[in-house]
Every structure is written in structure tokens, then in C-alpha cells.
Amino acid sequence: MKTLLTLFVLFFSSSVVADDISDFEIEGISIGDSLLDYFSKNEILSNKANYFRDKRQFYVVHSGDMKLNNFDLIEFYLKADDSKFIIRYFAAIIFYPNNFDNCKIMHQQIVNDIKYVLKNAKMVDEGTFSHQYDKSGKSKQTVINFLLNSDYVSVECLEWSSEIKKKHPSWTDSLSIIVGTDEVMNWIQGGYK
């Protein structure tokens, strides 16, 4: 029970049951918040990820120097040309460079807590499968999704193969909690256009 209560304090808002994705908080941040509540406009622009060279429907901003209590990094997805900088999707990430077993343990604890908090969500266990980037099939991803109306929370563990880590030394095994809307998911599934 102590683990459950600890994770509630770490990951969730004060409400015990979330009925809407905007009720779900990580590091005090929710979908629908303005990133301007946490960063200046200059900080947002200077932390913009260079994932895409051309203009797309959404873009990504890293948490940069933001003081995070429980995560190593947060990626925020914002809509292009939105002067209010409303957060539409975010991924909170913990890196596990030397102990992937801890990622699996934390993954299960978080999934159990989300089941308790998102009682009205449909849980979809995607299982463990090969990551699409690694054509050898050796990099593995474990994913459980919670669907709430047209939005979702996803808990993922990603373990890169030794070959991928040699090719990309900065890539690290990780746990992600993704909170998103179907609008952004449709964009991702449509090829990030």
C-alpha cells in the first residue's frame, strides 16, 4: 500500500479517480495547460526539438532546465501556430542506463496505480514486441495503454539492443508515461505530417 500511495503522490493529481485526461497530472502538468505557465516564450523556442526540418502540424519541446522531481525528461507536443502554447500531449521519461529490471518493476507499479485511478478507462495490454526502428528485432518495447474517451495514457518500457546502443551511444533504455489526445495520436500514426 505504501508503494501505491507513494506513486499517487509522484504521478497523479489530488483526485482519486480521473474521469477526463485533463484530470491526470505528472509533475503538476496536465493536458490543456499552457506551457507558458512553466516556461517563457524564449525558453519554449530554445528547447524546441529539431526532429523535423520542415513545418509540421505539431512540434516537440523538451523540458530543458525545468526542475523535475521524478523524471529525467519531459517532451511536450504543441500545435504549430498556437500562440497560447497549449500542451496537447507529453511523454515523461525515466532513463535506465544500467538496470532495465528496475524499469520493468516500475512499469508494473505504475500500471497498477493507473488502473486504480482511471477506473473508467479501457486497459489494452500490447505486450512486448520488437521496436520498429531496430530491423534486427532485438530492441524490445513493452506497452500498456489506458483509453479514456478519445484520449489515452500509455506506460512503456523500451530496451535497446547492444547493437543499437553502439550505433547511438546516447540512446538509453527508458520508461515513459505518455499522456495524449487522439488528435496527436492520429498525427503520429499518419506519419508526423
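View 1. The model is predicted: local features need pLDDT of at least 70 and side-chain atom pairs count only at pLDDT 80 or more, while totals for chains, interfaces and linings use all residues. Residues are numbered from 1 along each chain as its sequence is written, and side-chain values use heavy atoms, with hydrogens and water left out. Strands β2 (residues 73-79) and β3 run antiparallel, joined by six bridges. Pairing here requires that DSSP finds at least two bridges between two strands; strands (E, at least two residues) and helices (H or I, at least four) are DSSP runs, numbered from the N terminus.

**View 2. Ala92 also has a partner in β7.** Look to β7 and you will find Ile177, the bridge partner of Ala92. Strand β7 (residues 174-180) runs antiparallel to β3, with seven bridges between them.

**View 3. Strand β3 is largely enclosed.** Seven of the nine residues of β3 (residues 87-95) are buried, so the rest of the structure largely encloses this strand. Buried means under 20% relative accessible area, with a 1.4 Å probe and protein chains only.

**View 4. A disulfide joins Cys103 to Cys157**. The S to S distance is 2.3 Å, and the rule asks for a pair of cysteine sulfur atoms within 2.5 Å. Cys103 sits in helix α3 (residues 100-117) and Cys157 in strand β6 (residues 151-159), so this pair, 54 residues apart, links distant parts of the chain. Both Cys103 and Cys157 are buried. The torsion about their S-S bond is about -115°, which means that the disulfide is left-handed. By this rule, the count comes to one disulfide.

How values were computed
Buried < 20%, exposed > 50% of the residue type's maximum accessible area, 1.4 Å probe, protein only.
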